[in-house]
Amino acid sequence: MTSPAARRPAPGRARTIDVVIVGGGQAGLAMSRCLSEAGVDHVVLERGRTAESWRSERWDSLRLLSPNWMTRLPGWSYQGDDPDGYLTAGEVAAFLDGYRSSFGAPVLTDTTVSRVTSVENGYLVETDQGRWRARAVVVASGACSHPHVPAYAEELPGHLVQLTPVDYRNPGQLPDRPVLVVGGSASGLQIADELSRAGREVTLATGEHVRLPRTYRGMDIHWWMDTLGILDERYDEVEDLAKARRLPSLQLVGTPERRTLDLNGLTERGVSVVGRLGGVHGSRALFSGSLGNICRLADLKERRLLDRIDEFAAERGLEAEIGEPTRPDPTVVDGSRLDADLTAYGSVVWATGFRPRYPWLDPTLLDGSGRLRHDGGVAAAAGLYALGLPFLRRRKSNFLDGVGPDAVELTTHLVGHLERVASSVRS
C-alpha cells in the first residue's frame, strides 16, 4: 500500500509537502506512524529498501541485544511465541516491513538525499529522484550509518584484510590466519567470540566497556533496567549528557540459551585479551597498559547496578519469586602484553564504533565531530529534527523500544512548528 505522498516529484519541479523524513528504518517509520495519526502530509526517503541496514549491513549470526518483548513501535509490537528470545537481523527487517504495511507508510525507496537547504518557511530537499519543498525535515538516518576506523589504520601492513562490522559476515570471509579484533563492546565481543568458536586464533583489543550479565536472578538484564526505570531516564535528568551519549554498547549477545558473554568467557576460550589499540609503529600494534584498571572499573559499575537490583527486589518483596543473587566473577586479565607483530596476522576487524554522516546538511548545523547539534532531537534550525540517536531523549532512544516514545514527543513539537509556520504565512 502506498499513500499519495509517496509519489515522486515531477522532473524539474519541487513537490511541496509538510514534512520530509530522511531514513526508512525503525526511527523513520515510527515518526511516519505518528505523523500519519496527526494528519500531517509527509514522505519517507530511503536510500535502499525499508530497513536496509538490517538487510545488508549485519553479520549472519547477529541478533538483537534486547529481548523480543521489547520489540515495539507506535501501534506495532512483537506478536510471536518467543517473547524472551532475540530477533535475527532478517527477522527485524521482516518486522519493519510488516510495520510499514500496517499503516501504508509513504516510503520512497532507492532515493538518496544529496542536499538539504534552508529556504523561506522550510527546506529544499534534493535527491537523485527529484526535489521536495518541505516545512520541516526529520533526520532519521540512524546512529550507525558510518563505521568509525582510526586514521592509523592506513599504516597497517598491506597484506592485512581490514573489515568493519558492516562488512563482516562470517569467519569464512577472513584468511585462515590469526585475527585482531579492535573494540570490546557488543560488536567486538560477538565477532571475537564467533571467530574463536570457528577455530581462529583471536586477539581482542579493548578499552572502556560496559560489562553486564545476560540474565540476573532469573530475569533478562534489560527487564531489570526497564523495571527500574533506567532505560527511561531522560536527557535533561543526567549530569553529563555528552558522556552518556558516548557510552559504549553493552557487552551482551542475544542467543537462544541466553548466555552471558564477557572477557572472562573469551579468555577461557583462548582469546588473547589486550588493552586498547593506541597506534601502529611499523609492523607492530601498540596496546595500552591500562587494561587492568579499565576492567576493574567495568566490574565496579556492574556491581553497583546489581546492588541496585538487589535493593529493589528486597524493597518490593520479590525474593521468593526470583533467583538467588549469584554474582559474576571479577574480570581476570593478564594485561602485560603491550604489542603484537602484525606480520603474523591475516586480518583486522575494526569494531570501533560508528559515527553518523550528514554530507547533505549545512556543516554549521554539526559539531566538531560531525554530529548534529540538537536539544532532545530539536535542532537549532527551526523545523529540523533528529530521531534514533543515542540518548536523544531517553537512555533507550536508539533501541527499537525507544524511538517510539521519542517520536511521539517530537511529533507534538513538530506539529506546533507547522502551525506557527502556517500562521506566519497567513499573516
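Modeller: Before we start, two strands pair if DSSP finds at least two bridges between them, and strands (E, at least two residues) and helices (H or I, at least four) are DSSP runs numbered from the N terminus. This is a predicted model, where local features need pLDDT of at least 70, side-chain atom pairs count only at pLDDT 80 or more, and totals for chains, interfaces and linings use all residues. Residues are numbered from 1 along each chain as its sequence is written, and side-chain values use heavy atoms, with hydrogens and water left out.

Colleague: Thanks! Over how many bridges do β18 and β19 pair?

Modeller: β18 covers residues 277-281, and β19 covers residues 284-287. The two form a hairpin with 2 residues between them. Gly279 stands opposite Leu286 in β19. Their pairing is antiparallel, and the number of bridges is 4.

Colleague: Which residue in the turn has a positive phi?

Modeller: Look at the hairpin formed by β18 and β19. The phi there is about 65°, and the residue is Gly282.

Colleague: Which residue of β20 does Ala285 stand opposite?

Modeller: Ala285 belongs to the covered face of β19, together with Phe287, while Arg284 and Leu286 make up the uncovered one. β19 also pairs with β20 (residues 339-341), in the antiparallel sense over 3 bridges. Opposite Ala285 stands Ala340.

Colleague: Is Arg371 buried or exposed, or in between?

Modeller: Arg371 sits in the loop between β22 (354-355) and β23 (374-375). Buried means under 20% relative accessible area and exposed over 50%, with partly exposed in between (1.4 Å probe, protein chains only). Arg371 has a relative accessible area of 30%, so the term is partly exposed.
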